[in-house]
Every structure is written in structure tokens, then in C-alpha cells.
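Let's take a walk through this fold together. Have the sequence and the 3D view open side by side, and follow along as the pieces come up.

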Amino acid sequence: ALIGSGAGGLFLANRALAPARLAWANQQRFIADASHELRTPLTLLRADAEVLLRGRQNFDPEDAALLEDIVTESNHMSTIATNLLTLARLDTGSIHREHEIVSLAALAQQGVRRVQALAEQRHITIRIESNNDLYVVGDPTLLEQALLVLLDNAIKYNHTGGSVTIHTIAQGTQALLEVSDTGIGIASEHLSHLGERFYRVDKARSREAGGTGLGLSIARSIATTHAGKLTLSSIARQGTTVTIMLPLAAINQHDRDRKTTETRLYEPEQTI
């Protein structure tokens, strides 16, 4: 009787949840399709406005300012559409994902090169600290995208002259990739909401910095897709540390007894 009632309960539960699963799948498909369709007209709109701006000398200053606003808002909407498309594909598992051996040290170096110009503009120092060369199995493009999200946040919400540290370390069978900053930090009441889509601690400042409230959601989804997880800790006015934890690749077993530390310091150029 117990076995029969349990089997019947599972059958009824699955039958009751079927419409919800179908609705979720349809919603994700709609978001992906809508985001994909929006990107083309937004790109054309931005391109047309940029072409008109080439002849700004023929426009009134107010008209030129309006065209600049169109370019800015088109870029912002295009970013949102791209992020929504990425999230929808990650949620449905339809995004193409490579399975390669990825070096976290090389990933950190590549990420720093990508954001170095932004760091120099804000006089931010970026440091890489690596304990051994750790390897994970995953898609290098997606993992780099997740790292760039963390670096972008660490730079944009930092103090002028602050620092960002990328730290990689092995912990048991897991590889940890940490991004720490000396920025403005986040109050404790907001921590539980971080990673929720479109959630922003300071909406005015996030908007000014170009944030959409989707970056951490994308980074967390990428970590989950790679059988990992993302955690965040922060202290207001002191800084934030975001950690991506991923399974170590088997290749690391040969290097577990080697303890080498490599530190590279990237200093922004001095400006007068």
C-alpha cells in the first residue's frame, strides 16, 4: 500500500507539474527569441544615429545631444538583449558549450588584459596571485565571460586608486577563482538578493556605470553550468569578494604536491 501510494503520488505530482514545466520552457523560448530579434533593429538604430553624428556640425547642439542619447540608450538596450539571450540559453541548456582543459592562470591573465584599459582610466591596480597552475574542464569563452563580469564590477564599484586581486587556489577537489576589491562594498541586507535578475543595490549608480543587474546572474549560471557555484561576501565601505568554485580537472593531480606562487602586479600608468 505504501509503495502504491508513493508511486501514485509521484505520478500525480509529475502530471500536475507538467503545465508549469511547459510554461517555463515556453517563457525561456520567448525570451531567447525576443532578445535575438531585438538585437538587429537596435544595432541598426545605433548605426544610423552614429552616421548622423558624423555631420554634427550641420545640426543644432540640442539635436546632436539627442542623437548621442539615442546611441547611449541603444547600446544599453543592446546589452540587456544580449544578456537576456545568454541567460535564456543557459537556463534551457541550449547554449553551445565546449569541453576543454582550461588553465585558471591563463584565464586570469586574459581577463586582466581585457579590462586593463578600464582599470587604468580609474587608476585601479590589478594583481594576480596563483597557487600552482590549476586546470578545470569547461568552455573557455563562457568562463572568461564570467570572470569579466566579476572584474568589471570590481573596477566600476571601486575607489579611485583602489585595487583588485584575482586569487586562484585548490581546495580539496575544487578550484577556487576569487576576485576581491577594495571598493564601496555592499550592505548586509542586500547580499541575499545579489544574483537576482535586474536587482541592483544602487540603481542610480548602477545605471550611471552602465550596469543592467544581469551580470552576476550570468556569472552564477555559467558556474552552475560547469557543475560549480558562485558565492559572494562583502563589507560595506571595505570591499567585496566573489568566488567561483569549479571541479578540478584530473590533470591537477600531478601537480598537487608542487607549491609555487606566482604574483603579477599591473600598475596603471601615471597621468599628470
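First, some ground rules. This is a predicted model, so local features need pLDDT of at least 70 and side-chain atom pairs count only at pLDDT 80 or more, while totals for chains, interfaces and linings use all residues. Residues are numbered from 1 along each chain as its sequence is written, and side-chain values use heavy atoms, with hydrogens and water left out.

Now the overall picture. The chain has seven helices and eight strands, where helices (H or I, at least four residues) and strands (E, at least two) are DSSP runs numbered from the N terminus. Of its 272 residues, 37% are buried; buried means under 20% relative accessible area, exposed means over 50%, and partly exposed is in between (1.4 Å probe, protein chains only). The accessible surface comes to about 15,700 Å², with 55% of that belonging to carbon and sulfur atoms; these areas come from the Shrake-Rupley method with a 1.4 Å probe, and for residues only the protein chains shown count as cover. As for contacts (heavy atoms within 4.5 Å), look at those with a separation of 6 or more: 75% of them join residues 24 or more positions apart.

On to the helix pairs. Two packed helices are described by the angle between their axes and the distance between the axes. Here the axes are lines fitted to C-alpha atoms, for helices over the stretch in contact, and the angles run from 0 to 180 degrees between N-to-C directions.

Start with H3 (residues 104–121) and H4, which pack at an angle of about 40° with their axes 9 Å apart. That makes H3 oblique to H4; on this scale, under 35 degrees is roughly parallel, over 145 roughly antiparallel, 65 to 115 roughly perpendicular, and the rest oblique. The crossing of H3 and H4 is right-handed. A crossing gets that name if the near helix is turned clockwise from the far one by less than a right angle, and left-handed if anticlockwise. On the H3 side, the residues involved include Gly111, Val112, Arg114 and Val115, and they meet a set in H4 that includes Leu147, Leu148 and Leu151. By class, the contact of H3 with H4 divides into twelve nonpolar, two polar and three charged residues. Nonpolar here covers Ala, Val, Leu, Ile, Met, Phe, Trp, Tyr, Cys and Pro; charged covers Asp, Glu, Lys and Arg; the others, Gly among them, are polar.

Stay on H4 for a moment and find Leu151. Is Leu151 buried or exposed? Leu151 is buried, with a relative accessible area of 0%. Leaving aside neighbours within four places in sequence, Leu151 is in contact with Gly111, Val112, Val115, Val164, Ile166 and Val179.

H4 also packs against H7: their axes come within 9 Å and cross at roughly 145°, and the crossing is left-handed. Among the residues making this contact are Ala146, Val149 and Leu150 of H4 and Leu216, Ile218 and Ala219 of H7. By class, the contact of H4 with H7 has nine nonpolar, three polar and no charged residues.

Which elements do the buried residues of H7 pack against? They pack against H2, H4 (140–156), strand S6 (229–235) and strand S7 (239–247). Those buried residues are Leu216, Ser217, Ile218, Ala219, Ser221, Ile222 and Ala223. Just after H7, Ala227 takes a positive phi of about 60°.

H2 (residues 61–92) and H7 (residues 215–225) pack at an angle of about 25°, with their axes 10 Å apart. H2 and H7 are therefore roughly parallel to each other, and their crossing is left-handed. Asn83, Thr86, Leu87, Leu90 and Asp91 in H2 meet Ser217, Ile218, Ser221, Ile222 and Thr225 in H7. By class, the contact of H2 with H7 has four nonpolar, five polar and one charged residues.

Asp91 in H2 counts as partly exposed, at 27% relative accessibility. Ser74, also placed in H2, is buried, with a relative accessible area of 2%.
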